[in-house]
Amino acid sequence: VALVVAWSAFRSKPEGPVTALPPQVPSVVEPVADAAPPSVAEQRQALLDAGKSLKLSWSATKDEAATGASGDVVWNGAKQVGYMRFKGLKPNDPKQNQYQLWIFAKGQDERYPVDGGVFDVDSTGEVVVAIDPKIHVDDPTLFAITVEKPGGVVVSKRERIVLTAAAGG
């Protein structure tokens, strides 16, 4: 039996030099799992870089929350996407009140501007917030930030208008 095993091993040895094959390279590149989606600030900048977006500066009112506040609103009507940037807007306590965006537009009843979403500010540094319009907005004429109860309101009494940005037309 040992002779048969030895003879089999001898016959199965390759003749000539043994060469190693190169390592196989996968043909499909796996996606990087750690790649984070772009931040809201990066999305805002991409919208600006793409062009055809309206960019308006905020004007502060005499409301205490607006003292020293500045920034801008960027809106792309074709994409129905926009972002608001604030610097120095007073932080709010979401249990007490929230900021709410209102979008006034040509042809839209001025008593019922489009709700652009509620948001909170937790620092006086730069804050970028995505706009969340509840309906399609054509030809915006004014963006306004109000202070409302937590969760926002359907129709604002406009008692506390903090910032406005007019689209000159």
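User: Why are Tyr99 and Phe119 called buried?

Analyst: Buried means under 20% relative accessible area, while exposed means over 50% and partly exposed lies in between (1.4 Å probe, protein chains only). Both Tyr99 and Phe119 count as buried, and Phe86 is buried as well. Bear in mind that this is a predicted model, where local features need pLDDT of at least 70, side-chain atom pairs count only at pLDDT 80 or more, and totals for chains, interfaces and linings use all residues. Residues are numbered from 1 along each chain as its sequence is written, and side-chain values use heavy atoms, leaving out hydrogens and water.

User: What makes the pair of Phe86 and Phe119 stacked?

Analyst: Rings of Phe, Tyr and Trp (its six-membered ring) pair if their centres lie within 6.5 Å; planes under 30 degrees apart count as stacked, over 60 as edge-to-face and the rest as tilted. Phe86 and Phe119 are 5.3 Å apart centre to centre, with 15° between the planes, so they pass both tests and are stacked.

User: And why are Tyr99 and Phe119 a stacked pair?

Analyst: Their ring centres are 5.6 Å apart and their planes meet at 25°, so this pair is stacked too. Tyr99 lies in strand β5 (residues 98-105) and Phe119 in strand β6, so the pair ties together parts that are 20 residues apart in sequence. Strands here are DSSP runs (E, at least two residues), numbered from the N terminus.

User: Which residues form the aromatic cluster?

Analyst: Trp58, Phe86, Tyr99 and Phe119 form one cluster.

Definitions and conventions. Helices (H or I, at least four residues) and strands (E, at least two) are DSSP runs, numbered from the N terminus.
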